Amino acid sequence: EGCKQAGCALIGGEMAEHPGVMDPDDYDLSGFCVGLVDRPRMLDPESVREGDVLIGLASSGLHSNGYSLARKVCVEGRSEEELREGREDLGGQSMLEALLTPKPVRPVMEEVPGGIRALAHITGGGITENLNRALPASVNAEVDLGTWPIPPVVRFACDQANLSEEEALKTFNMGLGMILIVNPDEAEAGEQTFRVGRIVAGGGEVQYANEGGLFA
């Protein structure tokens, strides 16, 4: 309805529901920035090759997805005092601190110098529905579950919502804010990066090794 009133169209994933935060007849319009990159420096999924390495960049928490579910299972029914007190199951953070922690990406990317073929921002849709966008049609991304730490707040939200492994991998980033596809000769994992899989022959899809090992 807001689009009709403004005489404009929204495309892609620019719309989000805020149940419990905004009244059903209200809408909120916000501005955004568009970044530019020189064409010779653009990453191209067609450059991805079988044998390339998947490097996951650690997330600090939920980042930008799954907040409707997280609010329902982590916030609703809790007093402000309860939301502000430190929790052992959140590594000493309060619920509010854990849900709102940001994460700078560029400094972490510098730990993987050169050789980046493509990358995927793990946002709405999780690893399953974002990593595939960085693949050509001739390969799959094989992700090794259990090879990176899950932030306490993400694990807490999954437990509270009773999510299966498959649902969790489509809802939250599960501890990986971005996944880089890197030339294996130049792939280096650092303190905040993890080798989480590889590129194999396939059809442009994400597959998981060690199924059942996500929450292990």
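The side chains of Glu166 and Lys170 meet in a salt bridge at 3.8 Å, N to O (a side-chain nitrogen of Lys or Arg within 4 Å of a carboxyl oxygen of Asp or Glu). Both residues lie in helix 7 (residues 165–171), 4 residues apart, about one turn of the helix. Helices (H or I, at least four residues) and strands (E, at least two) are DSSP runs, numbered from the N terminus. Glu166 is exposed at 56% relative accessibility; Lys170 is partly exposed at 36%. Buried means under 20% relative accessible area, exposed over 50%, partly exposed in between (1.4 Å probe, protein chains only).

This is a predicted model: local features need pLDDT of at least 70, side-chain atom pairs count only at pLDDT 80 or more, and totals for chains, interfaces and linings use all residues. Residues are numbered from 1 along each chain as its sequence is written, and side-chain values use heavy atoms, leaving out hydrogens and water.

## Other salt bridges

The whole structure holds 8 salt bridges. Arg87 pairs with Asp89, the closest N and O atoms being 3.0 Å apart. Arg87 is buried at 18%, whereas Asp89 is partly exposed at 40%. Glu142, Asp144 and Arg198 form a network of salt bridges.

An open, mixed sheet has 6 strands in the order 2-4-1-5-3-6; two strands pair if DSSP finds at least two bridges between them. Strand 2 (116–121) and strand 6 (206–209) stand at the edges with a single partner strand each, so one side of each lacks a neighbour in the sheet. Strand 1 (residues 53–58) and strand 5 (residues 193–201) run antiparallel, joined by 5 bridges. Leu54 has Gly197 as its bridge partner in strand 5.
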